[in-house]
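Hi everyone, thanks for making time this morning. I'd like to walk you through one model, a stop at a time, so please have it up on your screens.

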Amino acid sequence: MADSALWTVPVLPAVLAVAVVGTVALDAALSARAAGRTETVTGAVGVPLREVARLFVGQRRSTTAADGVLWRAGVITLPVAGLLAALVLPLGFTSVADLAVGVVWFNAMEILAWAAVWMAGWGPNSALSRVGGYRFIAQGLAYELPHMFALITAATAAGTLRVGGIVAAQSGPWFVVWMPVAFVVYLLSAMAMAFWGPFDAPVGRDVAGGAAGELSGVDRLLFFGGRWLLLVVAGAMAVPLFLGGRSGPLLPAWLWTIVKTGAVLAAIVWVGRRFPTVRMDRFVEVAWLVLIPLTILQALVVALVVLAR
Amino acid sequence: MMILCGAHVEQLTPLARRLARRLRGSRTLRWLTDDVGVHSGGDVSARWLAWLVDIEQALPGGAGTGPISGGCQPAQDPAALLAVLPELLEGAELGTARLIVASLDLNIAGLGTAAAVAGG
């Protein structure tokens, strides 16, 4: 049974920071390998740390007639949303707050990213940034509904919106076994919400960095830190939702959580690098004509199983 | 393709053939450019596929050496393409719009006079 404890409050940000550095380091190592270099572990871990130091001391640029309040609010909202979403994330047995509406809370915090990226894109009064911001809104319209159906499927099977309850319901077979569609859709939408991999059009090179194009210094650090945080939190949430959470043989609960989370994040990073950017006017067709019907069907099957039990 | 004019065949041929094979084999690329910017019976996919054919025809079949000579002519009449462009771009997202413009391979050197004629 999962519960919440006060010690998790300082531990959670530290764990998340380590996970983010690890994920960015993996991405850096894969980049280096793709470029034909081999990167040592310390070299790869040094990449995000050096980048943080560089952005910390970097000069902040501004643009003419920028909407400063909106811009900064957007930039700050992204990491805050990631952190708030992580409150319901179980670290082994305990989470900071195992809310009765945990899944809804998690989803609501994720959706803050829509506002964050749009505001960050609108704020600098730059055409390409604004294109990036609006691209993310279009992306949200494509990925969010399948994402919600995937979340609801896990909650339906467990009969609760409490994340601890969903983990407890997987003492038998993990949810991924009998709801594989929901799991795959969840991972796809986790990448889309963190505009990672094939879904990076909002910050794409073709619009000179898009929503992040005018960001520099600490602003850039917050924005991309928030983006990686969101990716890590969304990926980590796949473990309690579909992969049985802390449960597993031999190893202690916290170690299973780490192993599974690491595997999910590695898969997300690898898949994200494997595919080129997909334009949203194409993906939205797939999302609405294929993914939504599939996830509804998945939810229906799961609901029937729950009723028959 | 104009950029490749004068490049050395023996260096270029294997690279170009590999590139062409890779692009033709990419379903994702095809999916992203199909039904985009349909003009005179072809979409963006058809146009980049035609470029690949042009490139391969420009490469000599055997192990020839020396500079590339074929395929160095400019594409279609830029003024005619310019006239259909607004219609093609209507309602297109920026990324799509860039694909359409790039796929038409407008000859910018010819555009100056064409625009002057249209404007005057």
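Let's begin at Ala100(A), which sits in the loop between β2 (94–95) and α4 (102–122) of chain A. Helices here are DSSP runs of H or I of at least four residues, strands are runs of E of at least two, and both are numbered from the N terminus. Before I go on, a word on what you are looking at: this is a predicted model, where local features need pLDDT of at least 70 and side-chain atom pairs count only at pLDDT 80 or more, while totals for chains, interfaces and linings use all residues. Residues are numbered from 1 along each chain as its sequence is written, and chains are lettered from A and ligands numbered from 1 in the order in which they are written.

Back to Ala100(A): is this residue buried or exposed? Ala100(A) is exposed, because 11 other C-beta atoms lie within 10 Å. The cut-offs are these: 20 or more other C-beta atoms within 10 Å of a residue's own makes it buried, 12 or fewer makes it exposed, and in between it is partly exposed, with C-beta atoms placed from the backbone. Leaving out residues up to four places away in sequence, Ala100(A) touches Leu161(A) and Arg162(A). Contact means that the two C-beta atoms, placed from the backbone, lie within 7 Å. Leu304(A) is 204 residues from Ala100(A) along the chain, and their C-alpha atoms are separated by 24 Å.

Two other loops in chain A deserve a look for their backbone angles. In general, most residues other than glycine have a negative phi. Ala65(A), however, has a positive phi, near 55°. Ala65(A) lies in the loop between α2 (41–57) and α3 (68–85) of chain A, and it counts as exposed because it has 8 C-beta neighbours inside 10 Å. Phe195(A) is not a glycine either, and its phi is positive at about 35°. You'll find Phe195(A) in the loop between α8 and α9 of chain A. With 26 C-beta neighbours inside 10 Å, Phe195(A) counts as buried.

Now for the inside. How many residues does the largest nonpolar core have? It has 95, and those with the most contacts inside it are Ala154(A), Leu230(A), Val232(A) and Val233(A). By nonpolar core I mean a set of buried Ala, Val, Leu, Ile, Met, Phe, Trp, Tyr and Cys residues joined through C-beta atoms within 7 Å. Helix α9 (residues 217–242) of chain A gives the largest share of this core, 17 residues. As for Leu230(A), its contacts beyond four places in sequence are Leu78(A), Ala81(A), Gly82(A), Ala113(A), Met193(A) and Ala194(A). Another core lies apart from the largest one; it has six residues, including Val36(B), Val44(B), Leu81(B) and Leu104(B).

Staying in chain A, look at helix α8 (residues 180–193) and helix α11 (residues 280–308), whose axes come within 9 Å and cross at roughly 140°. Axes are lines fitted to C-alpha atoms, for helices over the stretch in contact, and the angles run from 0 to 180 degrees between N-to-C directions. That angle makes α8(A) oblique to α11(A). For reference, under 35 degrees is roughly parallel, over 145 is roughly antiparallel, 65 to 115 is roughly perpendicular, and the rest is oblique. On the α8(A) side we have Val181(A), Ala182(A) and Val185(A), meeting Leu291(A), Leu294(A), Thr295(A) and Gln298(A) of α11(A).

On to chain B, which has six helices and zero strands. Of its 120 residues, 12% are buried. Helix α1 (residues 9–25) and helix α3 (residues 44–58) of chain B pack at about 160°, with axes 10 Å apart. So α1(B) is roughly antiparallel to α3(B). Ala16(B), Ala20(B), Leu23(B) and Arg24(B) of α1(B) make this contact with Leu52(B), Ile55(B) and Glu56(B) of α3(B). Also in helix α1 of chain B is Leu12(B), which is partly exposed, with 17 other C-beta atoms within 10 Å. Leu12(B) and Leu59(B) are 47 residues apart in sequence, yet 8.5 Å apart in space, C-alpha to C-alpha.

Last stop: where the chains meet, ten residues of chain A are in contact with eight residues of chain B.
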